[in-house]
Amino acid sequence: MKYIKEYLFLIFLACLSACNENEIKEYTGGEYIQFERELADSSDVSFQFSPGAKELIYPVVVAISSRQTGTDRDYKLVIDTEKTTAREHEHFELGEHFKIREGHFQDTVRITLKLTDEMDNRSFRLYIRLEENQHFKLGQKKYLEQIVLNSNMVAKPDWWETKAK
């Protein structure tokens, strides 16, 4: 019985010493921005799967690694005109101003894709990328660009012959 009391007392002391409050450290790195999805392949969007639609909204999520701030912060998203075959206002619409809202860690860019007759036999590429600005540095390289292919066709993917058998 004497040993049981000693063991209980030692366990009680161990529990008391184990309970201490550590301060949670805040993120102190830079303010970085990147797309949520890596550029491993393009995103194919076909109007074939939305019969009767003349426009489709395609969401692209942008995320930050940063502290929360008390203000909205703009970020820079640009169209790479050398790599883009789609024509703005004819094949797609993209806003001009983008921002991470106060207290948020991500934003969703909504690209409006538009159907045209020439998409029945051809796809058009929209190539977008993030650029550094006064609020954000660029994140990981493989998360800085996105490609959206827009068409009115159903095509067999490149990987079909090797992986679908």
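Student: In which loop is His 91 found, and between which strands?

Tutor: His 91 is found in the loop between strand S4 (73-79) and strand S5 (92-93); strands here are DSSP runs (E, at least two residues) and helices are DSSP runs (H or I, at least four residues), numbered from the N terminus. The model is a predicted one, in which local features need pLDDT of at least 70 and side-chain atom pairs count only at pLDDT 80 or more, while totals for chains, interfaces and linings use all residues. Residues are numbered from 1 along each chain as its sequence is written, and side-chain values use heavy atoms, with hydrogens and water left out.

His 91 has a relative accessible area of 1% and is therefore buried (buried means under 20% relative accessible area, exposed over 50%, and partly exposed in between, with a 1.4 Å probe and protein chains only). Leaving aside neighbours within four places in sequence, His 91 is in contact with Ala 86, Thr 112, Leu 113, Lys 114, Thr 116, Glu 118, Met 119, Phe 124 and Asn 150, where contact means heavy atoms within 4.5 Å.

Glu 118, one of these partners, meets Arg 87 through its side chain in a salt bridge (2.5 Å, N to O); the term denotes a side-chain nitrogen of Lys or Arg within 4 Å of a carboxyl oxygen of Asp or Glu. Because Glu 118 lies in the loop between strand S7 (106-114) and S8, and Arg 87 in the loop between S4 and S5, the pair ties together parts that are 31 residues apart in sequence. Glu 118 counts as partly exposed at 28% relative accessibility, and Arg 87 is partly exposed at 34%.

Strand S4 itself belongs to an open sheet of five strands, with the order S2-S10-S8-S4-S6 and mixed pairing. The edge strands, each pairing on one side only, are S2 (43-46) and S6 (98-100). Strands of a sheet pair through backbone hydrogen bonds, either parallel or antiparallel. S4 pairs with strand S8 (residues 124-131) in the antiparallel sense over four bridges, the criterion for pairing being at least two DSSP bridges between two strands. Within this pairing, Leu 77 stands opposite Leu 130 in S8.

S8 also pairs with S10, in the antiparallel sense over six bridges, and here Leu 126 stands opposite Val 148 in S10. S2 and S10 pair in the parallel sense over four bridges, with Asp 44 opposite Leu 149. Strand S10 (residues 145-151) has six of its seven residues buried, so it is largely enclosed by the rest of the structure.

The side chains of Glu 31 and Arg 73 meet at 2.6 Å, N to O. The side chains of Asp 72 and Lys 99 meet in a salt bridge of 3.9 Å, N to O. A search of the whole structure finds nine salt bridges.

For the chain as a whole, there are two helices and 10 strands, and buried residues make up 33% of the 165 residues.
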